Amino acid sequence: MTKNKSEVLTVEVLNKYKNQYRNLSHIKIDQNTNGRIYTKNEKVVAMINTEKKSDGIIWIQGLEVFGDNRGQGFGYGLLDIAVNDLKATHLSVRKTNLKAKQLYENYGFTVYKTDDYMDYMKIQKSFKRSISESSLSVKK
């Protein structure tokens, strides 16, 4: 297993990959956001971005695993980073995105509010996972 290259998600880093990966177009970068992007051989493997709102709550603003990297546990690794390192406690997910919602629920997020299109989730305060060193590694 080799570890992916990690970069802080800045405007420059985002612009470097945005044209190749349309899924990054909704990501915003400003003084209230904090994120990481993981690459291997100049290809984006995964990305996590959080945003601190005016009430002080930190939300997962973007979580994405790309291409063949899906289904290999990267989502859990990204959630580990978002919750443990970046201190995120909340997220929203489209009701139709059942795979993502299942991932979040399996990780420990629960729905606390809903509307016609979105479920709003937060991590249980007592819930704490330990970060796996291999959670963002890939096979050679």
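Biologist: What covers the buried residues of helix 1?

Modeller: In this predicted model, the cover includes strand 2 (5-8), strand 3 (33-40) and strand 4. The buried residues of helix 1 (residues 11-18) are Val-13, Leu-14 and Tyr-17.

Biologist: What makes the buried residues of helix 1 line one face of the helix?

Modeller: Seen down the axis of helix 1, the buried residues fall within an arc of 100 degrees, so they line one face.

Biologist: Why is Asp-119 called buried?

Modeller: The term requires a relative accessible area under 20%. Asp-119 has a value of 5%, so this residue is buried. Asp-119 is found in strand 8.

Biologist: How do you know that the side chain of Asp-119 makes a polar contact with the side chain of Thr-114?

Modeller: The value for this pair of side chains is 2.7 Å. The cut-off is 3.5 Å, so the pair meets the distance condition. Leaving out residues up to four places away in sequence, Asp-119 touches several residues, among them Leu-91, Val-93, Lys-101 and Thr-114.

Biologist: Which residues of the largest nonpolar core touch the most other members?

Modeller: Of its 25 residues, they are Ile-48, Ile-60, Leu-79, Tyr-104 and Phe-109. Elements that each supply at least two residues of this core include strand 4 (43-52), helix 2 (74-85) and strand 8 (118-123). Helix 2 gives the most, with six residues.

Biologist: With which residues is Phe-109 in contact, leaving aside neighbours within four places in sequence?

Modeller: Among them are Ile-60, Leu-79, Val-83, Tyr-104 and Met-121. There is also a second, separate core of 11 residues, including Leu-14, Leu-24, Met-47 and Phe-66.

Key: Residues numbered from 1 in each chain as written. Predicted model: local features only at pLDDT ≥ 70, side-chain atom pairs only at ≥ 80, totals over all residues. Heavy atoms only, no water. Core = buried A, V, L, I, M, F, W, Y, C linked by side-chain atoms within 4.5 Å. Buried < 20%, exposed > 50% of the residue type's maximum accessible area, 1.4 Å probe, protein only. Helix = DSSP H or I, 4+ residues; strand = E, 2+ residues; numbered from the N terminus. Contact = heavy atoms within 4.5 Å. Arc of directions from axis to C-beta. Polar contact = N/O pair within 3.5 Å; in protein donor to acceptor, adjacent residues only side chain to side chain.
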